[in-house]
Amino acid sequence: MNKSRISPQKIILIFTGLLFGFFLLLPMVTILCKSFYKDGNATLEFYGNLFSNRSIFKAFGNSVLVSAASGIITTVLAFIPAYAVNFTNINKKLKKVISTLVILPMLLPTITYGFAIIYSFGKQGLITKLLDTQIVDIYGIAGLIIGYVIYTLPISFMLINNTMGYIDKKFTIVSRMMGDSKLKSFFATVITPLISTLAVSFIQSFTLSFTDYGIPAALAGNVDLLATRLYNEMLGSLPDFNTGSAVSIIMLLPSVASIILISVLNKYNIRYNKISVIELTKNRVRDIAFGMLSAVIILCVLSVFAVIFLVPFVEQWPYRMNFSIEHITDIFSDSSLISVYKNSLLVALATAGLGTLIVYGTALVSARRGEHRHYGKLPDTASLITNTIPGMVLGVAYLLSFKGTFLHNTFAILVICNIVHYFSSPYLMMKSSLEKLNASWETTARLMGDSWIKTVVRIITPNAVSTLLEVFSYFFVNAMVTVSAVIFLASTKTMIITAKIKELQHFANFNEIFVLSILILITNLAVKGLVRLFAAIRNRKGKKV
Amino acid sequence: MLELKNIEKSFDNVNVLNHVNFSVEDGEIVSILGSSGSGKTTLLNIILGITQPDSGEIFFDTHDITKVSMENRGFNIVFQDYALFPNLNAYENIVYGLRNKPNISTPGEVQELIELLGLKEHLNKNIEQLSGGQKQRVALARTLVMKPKILLLDEPLSALDGVIKESIKDKIKQIAKEYHLTTIIVTHDPEEALSLSDKVMIINGGTILQYAKPDEIINSPSDSFVTEFILRQLEIKRNNILALFGGNKTVAAV
């Protein structure tokens, strides 16, 4: 074909290549080299030192233990509300409430959970006071597990809920007709098609817990974890970048293994050809039981967060318990905190805006490639790799790679880090949505004189708006709550809320921590609300004759 | 006149089209009839210009257009799934091409097309509010606004039911006649092909088995495939229908 100039698809691909070359490949190679080279010579010294000391095995073992325990508990707990939503005759509105409330913790940074747990279950905690007894010792394994469970419950719920939605409920009826007992029928038609999703849920929450820094930052106590070890090697009192790099690599390995395992497991997902809408059998006992259990789970999660809204409004927790808005006014008159909030907002908006643009561009070339069959490989590979790299490792890699460059201590590096870190899910979301659009639009429009860009603007984009909005809010919310990567990259000049919370911990400024957390929550709710409103308005317009 | 000479095409070393030679006269309706995997869609794509042949030449009015890009050939297509743009209403879909080439059809000509296809009362409707037949007619109108030199139709009737099918058939014939428009239709349905076209090309395994007028195909099938698969199918259908009407189950084969 007579193309003298370079196509826009190629430009997008070249840009994607450069982006991930500089901000994924280069940092990862840097961190790998850092762990194997000393003064330009290859060495195993850093790994040797690490492994000669038993403490790294202990940290690794602790991390595996708490993450695995959290993975099991989370998956079991998440199954209950998912079952209530998909397999009971509970009122539809109630189901909506359940699925909204379960995922609420996603809108807060993990570091907040840690402090909320301290103020709930600690010696002076709200729940401890109410029950007049401290249920668990939170500084240690138990506290960590509670934190991780709250953190990963929403993700696990979404995974299970999604697969359950695709299970054909008619099979339950068939199984009962064939004479299966209730229990047998439950295993054959609910659990069996869910097996691989349950496994994915376990692995996913294991990986998230294994690589999270927010919760251990508050609750690790004397428990040595890989995440805290990595933080201390890099930003502790005696920073050792080489050993830190080696710890990063150790953290990376299980994460890579998990993602590979998940992609294998996803192939075993049972897919029903057709989902028949069918009335579920009447069973009030089942409905009430699962409704109540879901309510209890949600209440437990919410009760932990209650303190966030309580503590800042009390004069001095827990000694002078009278209502006061003094802390709030203090905080809002503190210009440094306001500017931290503004910084966070700026980073989140930039991440969401640019991230959406990049995800859209790359998904367009890979999902709607027409005759360019091989075009999808680059963004697909980038998505796979970014998915395997924990935020902490990415943060450390950026710190090592861009220290001293013009990117050091800039907002740009925070934004880029967020986009690369969170690229995978929105990319896959966008791609699958674009793949569902009619494949002949581009050819048809081209025959009517459109260039590719014109077709994208006039036809594809108006039909992809709802997914674009979803992608935008995904990036925004995650940029607001992320701790792990940015903790290594935020400077005094570019301080954002989650990093500030970590700093405030040193001064035990919990009022400020909680108020900042509330700000994050409100902002995230507002953005989600706006996105939903916008989508609803568009939808209504579309339905009009 | 469209002429294809010695067209060859393989995908991943699998031969899809084999020495394909044929020509289509101006204003003719030609159907390419074959089952899935016969190579009919590849042939359509090669005529349209989406796919390049490995070897062979394509001539249009004696010009070699083998290397001419899809958009410069001046042909146009209605896809099987219509590919209507759901963010635009029926009218906006019909006049989409005028955004890029404002003078290709006059407002009068557009109105004429709308009348001809009976779309007047549907112009402000969203795409999802249209029935299958209406969608097909909107897609036809949108393509005809572009005044294509050749109209290609990919399985134009497969998504439609009974009576609508017949009325769209009539419209296609009417358009070809009124605009003296060369029309090439791809289909897997023998009844459709034989009742709609001036000439039918039967293709199997990438080779043309017979290219002739419908009555020639019926009366002197060139190949056992044509007899066994194409004519046999029509006979069973005919017998079933005759049985329904008169109970005369012993109609001899023609």
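This is a predicted model: local features need pLDDT of at least 70, side-chain atom pairs count only at pLDDT 80 or more; totals for chains, interfaces and linings use all residues.

Mentor: Residues are numbered from 1 along each chain as its sequence is written, chains are lettered from A and ligands numbered from 1 in the order in which they are written, and side-chain values use heavy atoms, with hydrogens and water left out.

Trainee: Okay, what is the order of the six strands in the open sheet of chain B?

Mentor: Strands here are DSSP runs of E, at least two residues long, and helices are runs of H or I of at least four, both numbered from the N terminus. Two strands pair if DSSP finds at least two bridges between them. The edge strands, pairing on one side only, are β6 (76-78) and β10 (207-212) of chain B. With mixed pairing, the order in chain B is β6-β7-β8-β3-β9-β10.

Trainee: Which residue of β10(B) is the bridge partner of I202(B)?

Mentor: Start with β3 (residues 29-33) of chain B, which runs parallel to β9 (residues 199-204) of chain B and is joined to β9(B) by four bridges. There S31(B) stands opposite V200(B), and L33(B) has I202(B) as its bridge partner. On to β10(B): β9(B) pairs with β10(B) in the antiparallel sense over five bridges. The partner of I202(B) in β10(B) is Q210(B).

Trainee: And which residue takes a positive phi in the hairpin of β9(B) and β10(B)?

Mentor: That hairpin has two residues between the strands. The positive phi, near 55 degrees, belongs to G205(B).

Trainee: At what angle to β9(B) does helix α10 of chain B run?

Mentor: Axes are lines fitted to C-alpha atoms, for helices over the stretch in contact, and angles run from 0 to 180 degrees between N-to-C directions. Helix α10 (residues 224-246) lies across β3, β9 and β10 of chain B, with contact meaning heavy atoms within 4.5 Å. Its angle to β9(B) is about 105 degrees.

Trainee: Now the four-stranded sheet: why is one side of β2 and of β5 of chain B left without a neighbour?

Mentor: The sheet is open and antiparallel, in the order β2-β1-β4-β5 (chain B). Seven bridges join β1 (residues 2-11) to β2(B), and five join β1(B) to β4 (residues 55-60) of chain B.

Trainee: Which residue in the turn between β1(B) and β2(B) has a positive phi?

Mentor: Those strands form a hairpin with two residues between them. In the pairing, K9(B) has L17(B) as its bridge partner in β2(B). The turn residue with a positive phi, about 45 degrees, is D12(B).

Trainee: Over in chain A, at what angle do helices α5 and α22 cross?

Mentor: The residues that meet are I111(A), T112(A) and F115(A) in α5(A) and T498(A), I501(A), K502(A) and Q505(A) in α22(A). The axes of α5 (residues 110-121) and α22 (residues 497-506) of chain A come within 9 Å. They cross at roughly 35 degrees.

Trainee: Last one: which residue of chain B forms a salt bridge with R446(A)?

Mentor: The contact takes 28 residues from chain B and 22 residues from chain A. The rule, a side-chain nitrogen of Lys or Arg within 4 Å of a carboxyl oxygen of Asp or Glu, finds one salt bridge across the interface of chain B and chain A. With the closest N and O atoms 3.1 Å apart, the partner of R446(A) is E71(B).
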